Amino acid sequence: MKRFLHVIVALAICGNASAQDVAFNGIVTDVVGAPLKKVKVYVKSPQDYTFTDKKGAFGLTNVKETDTLKLVYKKNTYFVPLEGRKSVRVRLGDKLEAYDAPDLFNAGMDFISRREFTNSANRISGDQLRREGYTNVMNALRGKVPGLSIGNSTTFGSQGGSFSMRGVSSINASRPPLLLLDGVEVSTFDDVSVADVDYVEVIKDANSYGIRGSSGVIKVFTLKPGSK
């Protein structure tokens with residue numbers, strides 16, 4: 001019996017270890033080695049990304065050694081096949097150069113930033129919202145985002161309704177989520193037709209938006225002309 005219990009415990013430990021996030025750290029510089037900040041870095045989806053900080057550093061989780069990093073800087077996209085690397089230094093210039101960086105690998109989770117949206121964002125496509133026949137964006141989001149509580153109105157402070165994000169710190173619980181329409185702050189999505197929505201991102205942990213994002217962010221992106 002004891003031996004059987006030991007096996008169960010060992011399997012549980014292995015399962016927990018495999019489920020833990022694995023850090024992938026990197027630094028991006030220009031040709032002379034100066035750090036480049038605000039370089040967008042992602043692997044598969046451009047909606048799941050991070051940015052380099054003022055030191056050119058970035059961190060992602062669970063990046064496979066066979067993956068290819070995509071770096072977007074000044075409207076140019078650069079591709080960095082990892083080819084077994086567990087961390088990387090990238091030099092952007094006329095010729096892209098990438099090097100192994102064991103010191104960055106040893107930094108563990110130090111480079112991981114809350115700006116990484118892979119674990120904190122819920123992305124819902126416009127097609128998903130349109131399936132149930134709603135015309136109002138907030139009503140269409142009901143039940144689709146864990147922790148998003150929607151009352152009877154989509155306008156902050158209006159009588160009889162509100163919406164909030166569970167899981168944010170209690171000190172910010174009374175502050176409504178930040179609403180962004182194509183990157184511009186708005187007070188309501190009432191004037192947005194679900195028919196015009198490309199996708200919606202709901203972010204619980206959005207400290208990169210400052211105090212306004214401390215209670216979460218709801219971002220609506222509309223379809224571009226001719227994309228319907």
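Start by selecting β7 (87-91) and β8 (97-100): a hairpin joins these two strands through five residues. Keep in mind as you look around that this is a predicted model.

Now trace where each partner sits: D100 belongs to strand β8, while R85 lies in the loop between β6 (76-81) and β7, so called distant parts of the chain, 15 residues apart, are linked here. A search of the whole structure finds five salt bridges.

In what order do its strands lie? Across this open sheet of four strands the order is β4-β1-β7-β8, and the pairing is mixed. At the edges stand β4 (57-61) and β8, each of which has a single partner strand, so one side of each is left without a neighbour in the sheet. On average, neighbouring strands here are turned by 25 degrees against each other, direction ignored. As a reminder while you look, strands of a sheet pair through backbone hydrogen bonds, either parallel or antiparallel.

Five bridges connect β1 and β4, in the antiparallel sense. Highlight A23 and you can find its bridge partner, T61, in β4.

Now turn to the other sheet. It is an open sheet of four strands too, with the order β3-β2-β5-β6 and antiparallel pairing. Which strands stand at its edges? They are β3 (49-51) and β6; each has a single partner strand, so one side of each is left without a neighbour in the sheet. From one strand to the next, the twist averages 25 degrees.

Within this sheet, select β5 (residues 68-73) together with β6: the pair runs antiparallel over six bridges. These strands form a hairpin with two residues between them. Click on K74 in the turn, which has a positive phi of about 50 degrees.

Towards β6, the bridge partner of K70 is F79. Strands β2 and β5 run antiparallel and are joined by three bridges.

For the last stop, show the surface and select K37, K38, K54 and K55. What do these residues form? They gather in a patch of positive charge on the surface.

How values were computed: Residues numbered from 1 in each chain as written. Predicted model: local features only at pLDDT ≥ 70, side-chain atom pairs only at ≥ 80, totals over all residues. Heavy atoms only, no water. Patch = residues over 30% accessible without salt bridge, like charges linked within 9 Å, V, L, I, M, F, W, Y side chains within 5 Å. Areas by Shrake-Rupley, 256 points an atom, 1.4 Å probe, with all protein chains shown as cover. Salt bridge = Lys/Arg side-chain N within 4 Å of Asp/Glu carboxyl O. Lys, Arg positive; Asp, Glu negative; His and termini not counted. Charge placed at Lys NZ, Arg CZ, Asp CG, Glu CD. Pairing = 2+ DSSP bridges. Axes fitted to C-alpha atoms, helices over the stretch in contact; angles between N-to-C directions.
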